[in-house]
Amino acid sequence: MRRSTRARRSSGNARSKRLLAVVGTLAVFGGIVAVTQISSAQDRRTTVRTASASCVAPSPGATAPDGRGSTTRTWQNGRWVRNHWGDGQMSAAECQAVKGGNAPVNTLGSTVNCPDVAGKLPQVPDQARAEVDRNLALLQKQIDEANRRLAAEGRKGQNFINNSVLRPLEDKRKATINRIVTAIDRVAQRPQGLDQLAKCTLASNNNGGANNGGQNGGGQTGGNSGGQNGGGQTGGNNGGQNGGNNGGQNGGGQNGGNNGGNALGVLANDCSKTKLEPHDGFQKGDRCVSTAFGEVGAAANNPSLLITDFPEEVQANQPFSLRVSTRNLIRDRFLAAGQGGYYVESSLLNDQGLVRGHFHTACRMLQTTEAAPSNPQDVPAFFVATEDGGGSNQADQVTIQIPGLPQSGLAQCAVWAGDGSHRIPMMERANQTPAIDVVRIQVN
């Protein structure tokens, strides 16, 4: 008989599984480079590059299981949780839409910008909660449908977009919002003004506008794409910035002098003498990354993470979930790695000194538990990056829905924190444990 899929965390067997998995996985994800710069807490945003010359199918595991695109959202605990599949790799249809319209890559995989309804609601009575949540989810489904049509037919022009996408979307939203109003009105005071939230527009054609600044929790940072970062410290990214900024400031200046007293001597702290090509923001190896590591918080503010609920056994292709708790991780920064946002932004802290970023979840099948995996390059059976605008110095929970693992055997499922540009957050001291947790799950 198959064992229960609920976690039995109190058993010694589960604890030893976790310990072994964490030790093994730290070796995989532990390539953390030395800190090269600690800067002010001023916000910065890197311009994310547009699609490459040709649109190719994304790598396995790069898009959502139902083919809905690079980003999906679920409603959890009063907020939207955004899941970025394949770290933002676009489907072929999304890529073609970007190229055809000469539009920038949208880091949320969405080209429709609609007012937030959930944030404008009054306190929802318990009697109306189920119906309100159901209609809030429907509003998001309507946006997803509109984005899919834009991806497939957006090149037909503005008139088509207005008549066949935006206006029908507005009509659907009006009806759905009216159902939300009616549900609340049955048991409490009728909310006013929600009908004004029905109209949607196309997202702004710059990466610092509505796409990144508005929807991605960046707000005040949005306009910086073409400013400080776009043309200055980070915007030159791997061309001007790498040679000039890091070669001068980091190599011969602040860090060069400080690290010169290390008894071992410093072999390199920039890319000025490397034989490798500059990293260009895409997921490529045999490159040298010159982006400054950036801001590191105090030890007491460093991120921590734990998988708090998981199944010990599942059947092949059986959906299951992992519950993840984070602390000291502000989950509001995601520069899509699949769209040129990899290692291009320095690590940032918020006003409370907490890391801004997101977290990743991956499951891969282990061939043996007697030796480190020999195929680290293989795409995992499941992978997603999650950011939802939540997080604080208090622990909270996010649920990750996994649609099933197709292969029987022993799965290693890992969750680890990332800053806005996908590096494991830095810690004040070397003897602190990174924000990572791992469990093993038997797939029958």
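Predicted model: local features only at pLDDT ≥ 70, side-chain atom pairs only at ≥ 80, totals over all residues.
Strands of a sheet pair through backbone hydrogen bonds, either parallel or antiparallel. The pairing of β7 with β9, which covers residues 320–327, is antiparallel and runs over five bridges. Within this part of the sheet, Leu-305 stands opposite Thr-326 of β9.

Thr-326 also takes part in a side-chain contact. The side chain of Thr-326 and that of Arg-331 are joined by a polar contact of 2.7 Å. Arg-331 is located in a loop, with β10 (329–330) on one side and β11 (355–366) on the other. The relative accessibility of Arg-331 is 0%. Buried means under 20% relative accessible area, and Arg-331 therefore counts as buried.

Two helices were examined as a pair. Helix α3 spans residues 126–153, and helix α4 spans residues 158–185. Their axes come within 9 Å and cross at roughly 175°. Angles over 145 degrees count as roughly antiparallel, and α3 and α4 are therefore roughly antiparallel to each other. The contact of α3 with α4 contains 16 nonpolar residues, together with four polar and seven charged residues.

A search of the whole structure finds three disulfides. A disulfide is a covalent bond between the sulfur atoms of two cysteines.

One of the disulfides is formed by Cys-114 and Cys-200, with sulfur atoms 2.1 Å apart. The link of Cys-114 and Cys-200 has 110° about the S-S bond and is right-handed. Cys-114 is placed in the loop between β3 (112–113) and α3, and Cys-200 in the loop between α4 and β4 (201–202), so the pair ties together parts that are 86 residues apart in sequence. Cys-114 and Cys-200 are both buried.

Another disulfide joins Cys-271 and Cys-288, whose sulfur atoms are 1.9 Å apart. The torsion about the S-S bond of Cys-271 and Cys-288 is about -90°, and the disulfide is therefore left-handed. Because Cys-271 lies in the loop between α7 (240–259) and β5 (277–278) while Cys-288 belongs to strand β6 (residues 287–288), this pair ties together parts that are 17 residues apart in sequence. Both Cys-271 and Cys-288 are buried.

A further disulfide is that of Cys-363 and Cys-413, with a distance of 2.1 Å between the sulfur atoms. With 115° about the S-S bond, the link of Cys-363 and Cys-413 is right-handed. Cys-363 and Cys-413 are each buried.

Note on methods. Residues numbered from 1 in each chain as written. Heavy atoms only, no water. Pairing = 2+ DSSP bridges. Helix = DSSP H or I, 4+ residues; strand = E, 2+ residues; numbered from the N terminus. Axes fitted to C-alpha atoms, helices over the stretch in contact; angles between N-to-C directions. Parallel < 35°, antiparallel > 145°, perpendicular 65-115°, else oblique. Nonpolar A, V, L, I, M, F, W, Y, C, P; charged D, E, K, R; others polar. Buried < 20%, exposed > 50% of the residue type's maximum accessible area, 1.4 Å probe, protein only. Polar contact = N/O pair within 3.5 Å; in protein donor to acceptor, adjacent residues only side chain to side chain. Disulfide = S-S within 2.5 Å.
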